[in-house]
Amino acid sequence: MRKNIILCGVGGQGTVLASRLISAAAMARQIPVMSAETIGMAQRGGSVFSHLRMGENLFSPMIARGEADLILAFEPGEAVRMLPYLKKDGQMIVSSRPVMPVTASLAGNVYRAEDMLDYLRAHVSRLLIVDAEKALREVGSPKVLNLILLGAALKCGALGLEEADLKEAIRRQIPEKFHELNFRALAYE
Amino acid sequence: MHDEFLMGNEAIALGALAAGVNVVCGYPGTPSTEVLETVARRRGDRVYVEWSVNEKTAMEIAGGAAYAGARALVTMKQMGLNVASDPLMCLEYIGVKGGLVVLVADDPGPISSQTEQDTRFFAAFSKVPVLDPSSAEEAYRMVQEAFDLSEEYVTPVFLRPTTRVSHGYASLQVKDPGEYTVHEPEGFVKDSARWVIFPRLSFANHRKIEERNVRLQDVFSASPLNRIEPEDDACPCARKGIATGGFSYTYVMEAREQLGRLRTLKVSTPFPFPEKRAVEFLSGLDEVLCVEELDPVIERQLIYVCGKYGLTTRILGKMTGHMPLSGENSRDSVLSAIASFMNVPLPAASEEASDPPPALPVRPPVLCAGCPHRASFYAVKQAMKGRKTIFCGDIGCYTLGNAMPLDMVDTCLCMGAGLGIAQGINHLEKDRSCFAFVGDSTFFASALPGVVNAVYNQAEFTLIVLDNSTTAMTGHQPHPGTGRTMMGDVVEKVSIANVLRGIGVTAVETVDPLNYQAAVEVVRRTADLPGVKAIIFRSPCVALFRSASRVTIDPARCVGCKKCIREIGCPALSIRDGKAVADPAQCNGCTLCAQLCPTGAITGGEPHA
Ligand code: SF4
Ligand code: SF4
C-alpha cells in the first residue's frame, strides 16, 4: 500500500497530533511512514501543514502537486490553498468552519467560508464537508476537531486503516483522561 | 535494535546516545531544539545535559568536556553558530581529545531565521569537517560516525541537518540502550604545550590542519558517504548528471523515478570535498546540474575540480541561473528544473483549474490569544501615545508585536541587538524616547553586555524585559530565571531585577502587564527618568500555563464599536452579526479586552487588577 496524505489548517488546530496518530497506527501495522510538518513561528496562527507518506521505497517525506490521495483540511480556506496537491480522483475532507485571521477582521475583508466550499464543490469530485460547528457541539468539546476529521476519514476508507488501529494509537499517545472524549469524537457521525 | 517513529532531531539525539556521548549542551533555536530535549528525555544517568545561557558558553563547555576526553555534543541553529564562532574557530586550532560534534541546523527558506547562511561554507572557513545528512536515518548514523572522525582526526566535526531533515519524521531502526557504546573519559591531562593557544602553536597547527584536510578529501572520496547513483542504460541523457546533497537528495531521487535515472552524485561531506569521487562522477559527462539549498557549495567545488583536473564538463546551478538563488527547494521545483535540464516534458500533475480560486486569507503568525506580551506592548503604546519614540525589538515570540494593530516593533536584528540599537539612536537623537524590548531568555543569552555598556556610557533608554518565565518561541525551554535545569534540578532563580540593580540600573520596576491601568502608570512614571531604567513585565506564557477561564461577551451590551479588536488584535476576538465574540477554543481569559471595553460587555476571565 502506498498513500500520500496532507493535513492542513491553522496553527493551534491540532493537525500535528492527528498526523502523529495516523503515523503511529501505520507503524503498528508495519507500514513504513515518513512525514514532515510546520514547526516554529507559523504555529502561532499561521497556515500549517503535515505531509505524510506511507509505503515502501519512498525517498522524500514531501508530497508533490497532484500526488495526495487524501487531504484532511481543518479549515475551508486552507483546503483551497492545498488543492493543487490533490490527486485527480483524490479524496478531500474539509471542516466547514472558517478561522478568520485577525488581520482580516481588522481590515474588514473577511472571506466567506461558503465561497471556499463552493469552489471545492466545483473542483473536487470526492469531497466530504464536515459541519464542524455541529459536530463539536454534539461531542461537547471545542478542541477535538482533529479526531472528528480523522473519524470521517476512517469512515470513507481514505486512510487505509481501521478504527481499532487509531484507537490503539490514541491509547498510546494521549493521556488517559482524554481517551473517552477522543473515542467519542472519532466515532462521531 | 527496535523500530521507532522519530523526528530527525530525535534520531540525532539517539545516535549521540548510542555513540556514548557524555556531555550535551546547547542553546534553543529552531530547527535544532529537539536534539537536546530528546537527550534530556532519553539519557541514562551517565550523560550530563544542560541548556547553556548562550551558544558561545555551550561551545566552551563542550570544548572543556572534550579536552577531558569526553564525547561531547553541542547543539544550536545556524544563527547560534555566529555567537559560538569565537571559541569554535580557536578550538579547531587546538583540537580535541574526546569526540566533539557540533550540531548546527540550517534553515533554508528561511522558515524561522534571520538569514539563509550556509554552515557548509562556515565549515570551509573554520576548517572543520562537515557531514550533511539527507534523512533522519542518515543523521542517526552520521552522528555516530562524526564522533569517530572527531577522535581519529582530533578535530571538532559539524553535523548539519536542515529544517526538513531535523523536523521530518520517519520510522527507523535504532539501538536499544543496552547496545550503546560506553565511553569512559580519561580526564584532563595537563599539557600547556597542547591546550594553551599561542601564535607559535597556531602556526604549527595551521599547517597540520591544512594537510589533514587534504588527507580527508581522499578518505571521504573512498567513503560510501559520498556515492554515485548510476545512470540507467535506457536513460536518454547519458552524458548528463546531477550533483546534490542534504535534503535535496530526496527530491532528486524522487525525480529520478519519475523522469529517468541520470547519473547522480550525492555529496555528504561538502567539506573537505571528495575531489576524487567527483572526478570519477564527472568523467564522460558533458553537463551537470547542481541541486542544493542555500549557497552554491557543491557547484563551486565542482567548477574548481573541473579547473584543477582539466575537465570540460559544464557545471550548472545557482550561478548559471538554472536554480533559484534563495529559498527552499521543493519536490515540484526540483522536478521541473531536472525536466528542463533533461529536455523532457513534465509529467502531468493535477489539471490546473480554469477558474482562479477565491482570494485566500493571508495568515501572518500572531501572538497567542491571551499572550501577556500583547498587554505589555499595548501598555507602552498607550503610555507613550503622541511622543517621539522608537521601539527596538528582539528575537522571540515578541517579534510578533510588530503586527497590526500593535505595530510596536520598529527594529529587529539579532539576539540582544535591540539594546545596542536603542543606544545608538539615543546618542544621535536626544529628544526621542528610546525603548528596547527583550525577552527573559534573550536577556540572559545576550543582553547583559548591552546593559553594562549603557550604564557605563551614560546612554538614556528604557529597557523592557518581557518576563514570561520560559523560552517560548522555541517550545518552552527553561533558562537561568526559571530555576529549573535540564538535569531535573530545582535551583536558585537568577533574578533579573537583582542583576539589573547590580549593574547599576537604579530604576527597576516590576508589574503584571495584564493589569492594564497599573502597567500604563508604571511606564508613564518610568520612561522619563534620566539614564537607563528598566521595567519588567512579568506574566507567564499562556501556551505553557494554559488557563481554563474565558471571557464572555454580552451581545446585549456590546455596541459593536470593535474597540477590543481594533486596539489589541487578539486572535480569539472576531465580529459576528455586528457584535464582538470571543472564541472559547482560543480565549485564555486574560481580560485585556474586558479592561478596554467601554460598555463593560466583556466579563469573566482571570482577574488581574
Ligand atoms: S507562546 Fe507564549 S510568549 Fe509566545 S505568543 Fe504564545 S503566549 Fe505569547
Ligand atoms: S480575554 Fe479577551 S484579549 Fe484575553 S484572550 Fe480572551 S478574548 Fe483575547
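A polar contact is here a pair of N or O atoms within 3.5 Å, where within protein one atom must be able to donate a hydrogen and the other to accept it, and where residues adjacent in sequence count only if both atoms are side-chain atoms. The model is predicted, so local features need pLDDT of at least 70 and side-chain atom pairs count only at pLDDT 80 or more, whereas totals for chains, interfaces and linings use all residues. Residues are numbered from 1 along each chain as its sequence is written, chains are lettered from A and ligands numbered from 1 in the order in which they are written, and side-chain values use heavy atoms, with hydrogens and water left out.

Across the interface of chain A and chain B, 18 residue pairs are in polar contact, both residues of a pair being at pLDDT 80 or more. The elements that give two or more residues to the side of chain A that touches chain B are α1 (15–28), β2 (33–37), β3 (47–54), α2 (76–82), β5 (86–95), α3 (102–107) and α4 (113–123) of chain A, helices (H or I, at least four residues) and strands (E, at least two) being DSSP runs numbered from the N terminus. Of these, β2(A) gives the most, with 5 residues. By class, this side of chain A has 29 nonpolar, 12 polar and 12 charged residues, where Ala, Val, Leu, Ile, Met, Phe, Trp, Tyr, Cys and Pro count as nonpolar, Asp, Glu, Lys and Arg as charged, and the others, Gly among them, as polar.

Contact (heavy atoms within 4.5 Å) takes in 53 residues from chain A and 55 residues from chain B. The two chains bury about 4,600 Å² between them, 62% of it on carbon and sulfur atoms, as accessible area (1.4 Å probe) lost on being put together, summed over both. There are 4 salt bridges between chain A and chain B, each a side-chain nitrogen of Lys or Arg within 4 Å of a carboxyl oxygen of Asp or Glu; in one of them B:Arg363 pairs with A:Glu75, the closest N and O atoms being 3.1 Å apart.

Residues from chains A and B surround ligand 1, so the site is shared between chains; a residue counts as near if one of its heavy atoms lies within 4 Å. Among the surrounding residues are A:Arg44, B:Cys368, B:Cys371, B:His373, B:Cys397 and B:Cys541, and the shell has 8 nonpolar, 2 polar and 1 charged residues. Around ligand 2 there are 13 residues, the closest being B:Cys570, B:Cys587, B:Cys590, B:Thr591 and B:Cys593; this shell divides into 9 nonpolar, 4 polar and no charged residues.
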